[in-house]
Amino acid sequence: PFRGKGIALMPSLQEVLLRFPGRKFYIHMKSNDPKDGIHLARFLNSLPQQQQQLLTVYGGDKPVTALKEQMPAIRVTSKERIKKCLLQYAAIGWTGYVPHAMRNTELLLPVNYVPYLWGWPHKFLKRMSEVNTMVVLMQGGEYSSGFDDVKDLHKLPANFCGGIWTN
């Protein structure tokens, strides 16, 4: 009902990045159209490399894949990418090798699954850090359920150095 009633009420991505230089951001692509990934890659490629390194793009598998093809070094994540990463790591993670799919990405992982990862927690986290991959834990169950209550923090391993998802 408010469409067309306000002008410039929501800042553009460019305005947000200019207003908060040096800050990390998640960019959530709400569609599953690969063209959106290509358009976002065009914009992000115009940013300085240092600023690109602070961004993570997540959302639908098709636009995330299209963006990653245009910008191999940017961190991305989607449900399918996470599944692919974890299946590959489950097969060969014991060797210490980190599959290519797990590099320059972000892994949003349910806390109840992570004990089954080779080298969890500290060896795994170190391996991911070395390949520019951020590990973010979420609660189990619903895909994006977060650590929204202090009492749930006991589920994190001692000296956890990754991120936590919260709502």
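Let's start with a charged pair: Lys-83 and Glu-80 join their side chains in a salt bridge, with 3.4 Å from N to O. Salt bridge here means a side-chain nitrogen of Lys or Arg within 4 Å of a carboxyl oxygen of Asp or Glu. The two residues sit three apart in helix 5 (residues 79–92), so about one helical turn separates Lys-83 from Glu-80. Helices (H or I, at least four residues) and strands (E, at least two) are DSSP runs, numbered from the N terminus.

Lys-83 is partly exposed at 49% relative accessible area, and Glu-80 is also partly exposed, at 41%. For these words, buried is under 20% relative accessible area, exposed is over 50%, and partly exposed lies in between (1.4 Å probe, protein chains only).

## About the model

This is a predicted model, in which local features need pLDDT of at least 70 and side-chain atom pairs count only at pLDDT 80 or more, while totals for chains, interfaces and linings use all residues. Residues are numbered from 1 along each chain as its sequence is written, and side-chain values use heavy atoms, leaving out hydrogens and water.

## The other salt bridges

The count of salt bridges comes to three. Side chains of opposite charge can pair when their charged atoms come close. In helix 6 (residues 122–130), Lys-126 and Glu-130 are four residues apart, which means about one helical turn between them. Their side chains meet at 2.6 Å, N to O. Lys-126 is exposed at 53% relative accessibility, and Glu-130 is exposed at 55%.

Asp-149 pairs with Lys-151, and their closest N and O atoms are 3.9 Å apart. Asp-149 is partly exposed at 36%, whereas Lys-151 is exposed at 57%.

Now for an open sheet: its three strands follow the order 1-2-3 and pair in parallel. Strand 1 (25–29) and strand 3 (75–77) are the edge strands, each pairing on one side only. From one strand to the next, the twist averages 20°. Two strands pair if DSSP finds at least two bridges between them.

Strand 1 and strand 2 (residues 55–59) run parallel and are joined by five bridges. Across this pairing, Ile-27 faces Val-57 and His-28 faces Tyr-58. On to strand 3: strand 2 pairs with it in the parallel sense over three bridges, and Thr-56 has Arg-75 as its bridge partner there.

## Strand 2 and its cover

Five of the five residues of strand 2 are buried, so this strand is largely enclosed by the rest of the structure. Leu-55, Val-57 and Gly-59 point one way, while Thr-56 and Tyr-58 point the other way. In a regular strand the side chains alternate between the two faces of the sheet.

Helix 2 (residues 34–45) lies across strand 1 and strand 2, at about 150° to strand 1. Contact means heavy atoms within 4.5 Å. Axes are lines fitted to C-alpha atoms, for helices over the stretch in contact, and angles run from 0 to 180 degrees between N-to-C directions.

## A nonpolar surface patch

Val-150, Leu-153 and Ile-164 make a nonpolar surface patch of about 270 Å². Val-150 is in the loop between strand 5 (134–138) and strand 6 (163–164), and is exposed at 69% relative accessibility.

Patches take residues with over 30% relative accessible area and no salt bridge, joining like charges within 9 Å and nonpolar side chains (Val, Leu, Ile, Met, Phe, Trp, Tyr) within 5 Å. Accessible areas come from the Shrake-Rupley method with a 1.4 Å probe; for residues, only the protein chains shown count as cover.
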